[in-house]
Amino acid sequence: KGTTREQRALKYLKEHARQGDPDSVLETFDEFCRTQEWAMNAAEEKGDILDEIVRELQPTTCLELGTYCGYSAVRIARNLSPSARLITIEVNPDYAAVAREVVKLAGLQDKIEVINLDSADVIRELKTKYDVTKLDLVFLDHWKYLYIRDIKLIEEEKLLKKGSVVFADNVIIPGAPGYLEYIRGSKNYKSTFYSVHFEYMDDMKDGVEKSVYIGDE
Ligand SMILES: O=c1[nH]cnc2c(O)cc(-c3ccc(F)cc3)c(-c3ccc(F)cc3)c12
Ligand SMILES: [Mg+2]
């Protein structure tokens with residue numbers, strides 16, 4: 001079959017979701033993952049916690065590391081205020097291409113910017129090239145070994161302010177070696193762990209970690 005799983009998911013979304021309706025795109029993607037093929041979306045319990053964070057925080061500037069097909073980008077952006085924006089970084093060009101289509105299908109292309117580059121390179125240029133002053137919300141959902149590298153880089157760039165939230169997926173499966181020790185051991189964060197089901201798998205447990213930045217500006 002010449003198509004990839006991500007292309008098949010996009011095809012399904014284009015055929016079954018309502019254009020311009022983020023909720024429909026998410027519901028349809030969940031249906032695809034439950035009935036056709038599993039995909040690594042921060043969905044269900046993970047998505048519910050993400051929704052809660054966005055609704056409570058009302059972030060103006062959000063950064064997501066690891067776009068994949070754009071599911072969580074749509075999930076975040078659908079709850080953002082009119083002038084708020086999400087920058088999401090995806091190193092894999094095939095995933096980024098699908099994500100851009102999913103974002104367009106949801107009608108959120110004015111709120112979401114998908115960048116097909118390495119996260120470290122973009123983080124270093126957020127202030128100068130991407131017109132960012134501070135990040136209100138960071139969602140870590142890319143490669144487990146990069147969580148600690150990138151959070152340190154974000155701190156180095158002084159991109160966090162008191163109250164900024166760093167939300168990390170997969171801290172149990174597959175785990176984020178070093179990240180949990182680092183963030184829980186840091187005096188600059190107040191962290192909370194949530195035990196959740198692994199996306200679309202009722203018999204597997206994963207974990208997400210919500211860390212509020214309390215350190216110096
Ligand atoms: O890489 C991921 N990035 C962001 N979120 C992920 C997620 O929510 C789940 C998984 C995941 C998939 C299958 C499995 F059996 C266990 C875990 C992965 C992942 C991990 C290692 C891999 F080798 C390939 C995929 C990611
Ligand atoms: Mg994940």
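**Largest pocket.** I looked up the largest pocket of this predicted model; it holds about 510 Å³ of space. On a 1 Å grid over the protein atoms alone, a pocket is an open set of points with protein on both sides within 12 Å along at least five of seven lines. I took the volume as the space filled by probe spheres set on the points, with grid points joined across faces, edges and corners. The lining comes to 26 residues, and Met40, Asp141, His142, Trp143 and Lys144 lie nearest the centre. Helix H7 (146-156) and H8 are the elements that give two or more residues to this lining. Helices here are DSSP runs of H or I with at least four residues, strands are runs of E with at least two, and both are numbered from the N terminus. I sorted the lining by class and got 14 nonpolar, 6 polar and 6 charged residues. Ala, Val, Leu, Ile, Met, Phe, Trp, Tyr, Cys and Pro count as nonpolar, Asp, Glu, Lys and Arg as charged, the others, Gly among them, as polar.

**Ground rules.** I kept the conventions: residues are numbered from 1 along each chain as its sequence is written, and chains are lettered from A and ligands numbered from 1 in the order in which they are written. Local features need pLDDT of at least 70 and side-chain atom pairs pLDDT 80 or more, while totals for chains, interfaces and linings use all residues; side-chain values use heavy atoms, without hydrogens and water.

**Cavity.** I searched the whole structure and found 1 cavity of 30 Å³ or more. A cavity is a set of grid points where a 1.4 Å probe fits but cannot get out; lining residues, here and for the pocket, have an atom within 4 Å of a point. The largest cavity has about 30 Å³ of space. Its lining includes Met40, Tyr68, Cys69 and Asp141. By class I noted 5 nonpolar, 4 polar and 1 charged.

**Magnesium.** Which residues coordinate the magnesium ion (ligand 2)? Asp141 (OD), Asp169 (OD) and Asn170 (OD1) do, at 2.0 to 2.3 Å. Donors are N, O and S atoms within 2.8 Å of the metal (3.2 Å for Na, K and Ca); water is not among the atoms, so the site may look incomplete. Along the chain the donors follow the spacing D-x27-D-N.

Asn170 sits in the loop between strand S5 (160-168) and H8. It counts as buried at 11% relative accessibility. Buried means under 20% relative accessible area, exposed over 50%, partly exposed in between (1.4 Å probe, protein chains only). Gln58 also has a positive phi, near 45 degrees. Gln58 lies in the loop between helix H3 (44-57) and strand S1 (61-65), and is exposed at 61%. The peptide bond from Ile173 to Pro174 is cis, with omega near 0 degrees. Pro174 belongs to helix H8 (residues 171-175).

**Strand S2.** Is strand S2 (residues 85-89) mostly covered or open? I found 4 of its 5 residues buried. S1 and S2 run parallel, joined by 5 bridges. Two strands pair if DSSP finds at least two bridges between them. Leu65 stands opposite Ile89. S2 also runs parallel to strand S3 (residues 112-115), with 4 bridges. There, Thr88 has Val114 as its bridge partner. I noted S2, helix H5 (residues 93-106) and S3 as a right-handed β-α-β unit. Right-handed means that, with the strands pointing away from the viewer, the path from the first strand over the helix to the second runs clockwise.
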